[in-house]
Amino acid sequence: MIELEGVPELVDPVMVAAFEGWNDAGDAASAAVAHLEREWKGEVFAALDAEDYYDFQVNRPQVWLEGGVRRITWPTTRLSVVRVGETGGRGRARDLVLVRGIEPSMRWRSFCNELLGFAHELGVEMVVVLGALLGDTPHTRPVPVTGTTSDADLARTMDLEESRYEGPTGIVGVLQEACGHAGVPAVSLWAAVPHYVSQPPNPKATLALLNRLEDLLDMRIPLGELPEDARAWQLGVDQLAAEDSEVAEYVQSLEEARDTAELPEASGEAIAKEFERYLRRRDGQPGQPGGHASGGTTATEGGSYLRETSGGPGRPARPQEPREQAEPREQAEESQEGGGAPERQDDPENRDGSEGREGPDASGGRDDG
């Protein structure tokens, strides 16, 4: 039995989780949970025993100095609580249980059971797992975010895709399946990161995930400097792409394919739904600090910006010949789940310890639902 001392009774709590590694292209998902912790001053109340779940030769501990004394931080998964008042909860209070860590190296079933034990003790009503995948998506367009669930009723009521993926999976897929067996409603939100600029961070993808989470939970999330960081990131990638004619040509081909695929979506119903989302975001927010960009994930749309970025993304990899785009429906399903060979990262430490990061193929698919 998990006993939680010092944790107050929570109001309509939702668990929001993200894991570094294979499920976290561009660190977009883990950065989103870190943003929530920072903006709402989350208080850590529990950490899983690192000895039980991590291979320290894969995820090495970090040594640091505190007042001349050497300390070691062990890789693990930590849980924190943030209290969202009535303003953030759109007229009603709602609390979040945030889970942030590294995809475990072993004992995944025990890992999920331990997280679900905390969820049960805290009265969590729903689990939302954030993920990010590599895909054939241009950096100049709004970041695609796909919401999936294995619960058919939840898919209908929350306008989500019902997952039908079969193939290799990561901790996001395993945790969602464990939630289903435990009778806990679970949703996964996946952001697609351009595979030709996969180096972290990717604030534009992080912003898109937070906007989608905002809609899902019907709450206002303070964004702070994230919209400006996203604009600076896009400007940096614009400049890098302009330096290489092949990369620029490849990006243009992705833009054309994306625009063509989305033409059927420009229906009256889709336009009305987007306008309704805009009004929800605008309502009651003029003049508030950390305001939201209107229009969902289009916050960083619009080509070049005039702000320089420091330490911007690395040079985009020289692309191969443009690959065939999947049919729109197939693309959506693959975005939920994936199913291709993982993309190799340039990080010399390869901190998640896998042979590659995210598992999507060139068509933007991935694993997990």
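**Figure 1. Glu255 and its salt bridge with Arg141 in the predicted model.** Glu255 counts as buried in this predicted model because its relative accessibility is 18%, under the 20% that sets the limit for that class. The side chain of Glu255 meets that of Arg141 in a salt bridge, with an N to O distance of 3.8 Å. This pair links distant parts of the chain, since Glu255 belongs to helix 8 (residues 245–262) and Arg141 to the loop between strand 7 and strand 8 (145–149), 114 residues apart. Arg141, with a relative accessible area of 21%, is partly exposed.

**Figure 2. The salt bridge between Arg100 and Glu37.** A search of the whole structure finds seven salt bridges, and one of them is formed by Arg100 with Glu37, whose closest N and O atoms are 2.9 Å apart. Arg100 lies in strand 6 (residues 94–102) and Glu37 in helix 1, so the pair ties together parts of the chain that are 63 residues apart in sequence. Glu37 counts as buried at 15% relative accessibility, whereas Arg100, at 31%, counts as partly exposed.

Figure 3. Arg156 and Asp153 form a salt bridge in which the closest N and O atoms are 2.2 Å apart. Both residues lie in helix 4, where they are three residues apart, or about one turn of the helix. Arg156 is exposed, with a relative accessible area of 61%, while Asp153, at 47% relative accessibility, counts as partly exposed. Side chains of opposite charge can pair in this way when their charged atoms come close.

**Figure 4. The largest cavity and its lining.** The search of the whole structure finds one cavity of 30 Å³ or more, and the volume of the largest cavity is about 60 Å³. The lining consists of 15 residues, of which Pro138, His139, Val143, Ala192 and Pro194 are the closest to the centre of the cavity. Strand 10 (186–194) and helix 6 (203–217) each supply at least two residues of this lining, and the largest share, three residues, comes from strand 10. By residue class, the lining divides into nine nonpolar, three polar and three charged residues.

**Figure 5. A nonpolar surface patch that includes Val63.** Val63, Ile72 and Trp74 make a nonpolar surface patch of about 290 Å². Val63 has its place in strand 3 (residues 62–66) and, at 46% relative accessibility, counts as partly exposed.

**Figure 6. Gly123 and Val124 in the loop between helix 3 and strand 7.** Val124 has its place in the loop between helix 3 (108–122) and strand 7 (126–135), and Gly123 lies in this loop as well. Val124 is buried, with a relative accessible area of 12%, whereas Gly123, with 39%, is partly exposed. The C-alpha atoms of Val124 and Met15 are separated by 6.4 Å, although these residues are 109 residues apart along the chain. For Gly123 and Met15, which are 108 residues apart along the chain, the C-alpha separation is 9.8 Å.

Figure 7. Pro200 and Pro201 are joined by a cis peptide bond with omega of about 0°, and Pro201 has its place in the loop between strand 10 and helix 6. Asp27 has a phi near 55°, a positive value in a residue other than glycine; Asp27 lies in the loop between strand 1 (14–20) and helix 1 (28–39) and is buried, with a relative accessible area of 14%. Asp159, which is not a glycine, has a positive phi of about 55°, and its place is in the loop between helix 4 (152–157) and strand 9 (161–162).

Technical notes. Residues are numbered from 1 along each chain as its sequence is written. This is a predicted model: local features need pLDDT of at least 70, side-chain atom pairs count only at pLDDT 80 or more; totals for chains, interfaces and linings use all residues. Side-chain values use heavy atoms; hydrogens and water are left out. On a 1 Å grid over the protein atoms alone, a cavity is a set of points where a 1.4 Å probe fits but cannot get out, and a pocket is an open set with protein on both sides within 12 Å along at least five of seven lines; lining residues have an atom within 4 Å of a point. Grid points are joined across faces, edges and corners, and a volume is the space filled by probe spheres set on the points. Helices (H or I, at least four residues) and strands (E, at least two) are DSSP runs, numbered from the N terminus. Ala, Val, Leu, Ile, Met, Phe, Trp, Tyr, Cys and Pro count as nonpolar, Asp, Glu, Lys and Arg as charged, and the others, Gly among them, as polar. Patches are made of residues with over 30% relative accessible area and no salt bridge: like charges are joined within 9 Å, nonpolar side chains (Val, Leu, Ile, Met, Phe, Trp, Tyr) within 5 Å. Accessible areas come from the Shrake-Rupley method with a 1.4 Å probe; for residues, only the protein chains shown count as cover. A salt bridge is a side-chain nitrogen of Lys or Arg within 4 Å of a carboxyl oxygen of Asp or Glu. Buried means under 20% relative accessible area, exposed over 50%, partly exposed in between (1.4 Å probe, protein chains only).
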